[in-house]
Amino acid sequence: MSAGHASTAPYESSGTRDLVGIGFGPANLALAIAMDEHNGRCAPDDRLSSAFVERQADFGWHRGMLLEGATMQVSFLKDLATMRDPGSRFTFLRYLHDRGRLADFINQKSFFPTRLEFHDYLGWCAEEFRDRVSYGREAVAVRPVRGTGDGTVDGFEVVTRPAGGPGAEEVVRARNIVLGTGLTPQLPPGVSAGEHVWHNRDLLFRAPALTHRPHRRFAVVGAGQSAAETAEYLYRTFPDAEVCAVFTRYGYSPADDSPFANRIFDPSAVDDFYDAPEDIKRAMLDYHGNTNYSVVDGELIEQLYRTVYQEKVAGTERLRILRMSSLTGIEELPGGARAVVRPLTGGELFTLDCDAVVLATGYRPQDPRELLGPLADECLTDHQGRLRVDRDHRLRMTGRVRGGVYLQGAGTEHTHGITSSLLSTLAVRSGEIRDSLLLGRAGNGVLGAPAPVPAGAAAHGG
Ligand code: FDA
């Protein structure tokens, strides 16, 4: 791709960016694109300056699950730009054209690229912002920067360290920050990961090391998309091993990707959700949870069922579906791990000695207040103690905080609905956050001045 637009903005010379983004996954990458779009068409003085901190050594989107053949569960038209600006230079079509594959892609007659290809697209976009991203550094704290006089918080210091190791702290200053740190792997209660017990996010980092030895068995815990993909991958990759799929449901259930239900992922559904009363929000999540949670792509279910049936015909049973079964414990063994399983329909506990147990047990949002330190006390919360998030994705804070703290993605499902942690609305959402930053600058002369909340308002004001 050609070189990006200049990113220099007035505040950069003072060392304070308009924006620091924590995390550089698809969400903050989409925001970088939306800001680039603005910078490319405005006067130099109006440009937004930014910097991003990313813990991974380089750009990566769920690298541990980039399984060969796995396809996207979202149309390529829901890339990082098209739904906001189909003419953007960051669309998936533009990427295909740049890679010389546009005609070949069209001939596939599919809206759903492989995850490997979409990862390549995301990396192609990310490359344009390399000069603004500190890879291999983790944000460990956010400190308030107080203005002179009334002591209001005018900006922030984001403290970073080398990810996963010792090294010097660095500080980057901003008038606004955006938390786009994604979801955190979730393990069953009382279970920790180990040498032979992995969360599926590490599948491709761990499994290939086991290919050069004889195998007995793998167990995969969970019944969602990642669990089904993991079972299929292990079955295919270790032809001498038994693969046990352990889950509490009766069977894998298909994801509802039918067109009317799919509207729950439209940008307008975010407005509907945001404005709805609490009980209707709950109902929307309950009715349409099966578009995303604990469900599996229909074709993959068919494929796994065919395998099980064909093995039954052949009198072998290498792929075993242990339905209505609950994992009650795991013990590391020399060279493997033992899973303890309880049949929910009755019967004795039994054990599965495995080369590895893979926990495809989902993800959870991290509470952003952990990173916000003393600023957490300035966050307004609802009656359930959840963060209040404005429609423009900005955390609602007391009047003592003038700089903007935005939260995008994980952690906003209770306010912005089911698309929050997904890709579907990234193009539109990033435009909303960018416009909010610009509005703050235009309206107040200070980027990110907050909507008026009286100074001293209760931090848990509901
Ligand atoms: P994401 O988790 O991708 O990025 C957050 C980034 O922040 C990470 O790179 C992380 O390293 C970094 N980070 C975290 N804390 C940090 C800190 N303190 N300091 C510095 N960096 C930090 N959705 C969809 O709509 N369609 C799909 O097809 C799929 N497919 C899919 C497959 C698989 C295997 C998974 C696990 C998930 C999906 N998803 C999905 C959902 C997925 O959450 C979504 O695609 C995006 O990853 C969300 O992007 P984010 O940027 O919000 O989070």
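This is a predicted model: local features need pLDDT of at least 70, side-chain atom pairs count only at pLDDT 80 or more; totals for chains, interfaces and linings use all residues.
A polar backbone atom of A27 is 2.9 Å from an oxygen atom of the ligand, while a nitrogen atom of the ligand lies 3.1 Å from a backbone N or O atom of R55. In H62 the atom concerned belongs to the side chain, where an N or O atom is 2.9 Å from an oxygen atom of the ligand. How much of the ligand does the protein bury? Taken alone the ligand exposes 990 Å², and the protein buries 89% of that area.

F76 is placed in the loop between β2 (50–54) and α2 (92–99). Is F76 buried or exposed? Its relative accessible area is 10%, and because buried means under 20%, F76 counts as buried.

If the neighbours within four places in sequence are left aside, F76 is in contact with F92, L93, F105, S110, F111 and P113.

## Aromatic pairs

How many aromatic pairs does the model contain? The count comes to 18 aromatic pairs. One of them is formed by F218 and F238, a tilted pair with 4.6 Å from centre to centre and 35° between the planes. This pair links distant parts of the chain, with F218 in strand β9 (residues 217–221) and F238, 20 residues apart from it, in the loop between α6 (225–237) and β10 (242–246). Both F218 and F238 are buried.

A further aromatic pair joins F247 and Y252, and it too is tilted, with 4.9 Å from centre to centre and 45° between the planes. F247 has a relative accessible area of 3% and is buried, and Y252, with a relative accessible area of 14%, is buried as well.

## Two residues with positive phi

Most residues other than glycine have a negative phi. Against that background, S294 may be examined with some care, for this residue is not a glycine and yet has a positive phi of about 50°. S294 is found in the loop between α9 (278–288) and α10 (298–314). With a relative accessible area of 42%, S294 is partly exposed, because that label covers the range between the 20% limit for buried and the 50% limit for exposed.

H393 likewise has a positive phi, near 75°, in a residue other than glycine. Where in the chain does H393 lie? H393 lies in the loop between α11 (369–372) and β17 (404–407). Its relative accessibility is 2%, so H393 counts as buried.

Note on methods: Residues are numbered from 1 along each chain as its sequence is written. Side-chain values use heavy atoms; hydrogens and water are left out. Helices (H or I, at least four residues) and strands (E, at least two) are DSSP runs, numbered from the N terminus. Buried means under 20% relative accessible area, exposed over 50%, partly exposed in between (1.4 Å probe, protein chains only). Contact means heavy atoms within 4.5 Å. A polar contact is a pair of N or O atoms within 3.5 Å; within protein, one must be able to donate a hydrogen and the other to accept it, and residues adjacent in sequence count only if both atoms are side-chain atoms. Accessible areas come from the Shrake-Rupley method with a 1.4 Å probe; for residues, only the protein chains shown count as cover. Rings of Phe, Tyr and Trp (its six-membered ring) pair if their centres lie within 6.5 Å; planes under 30 degrees apart count as stacked, over 60 as edge-to-face and the rest as tilted.
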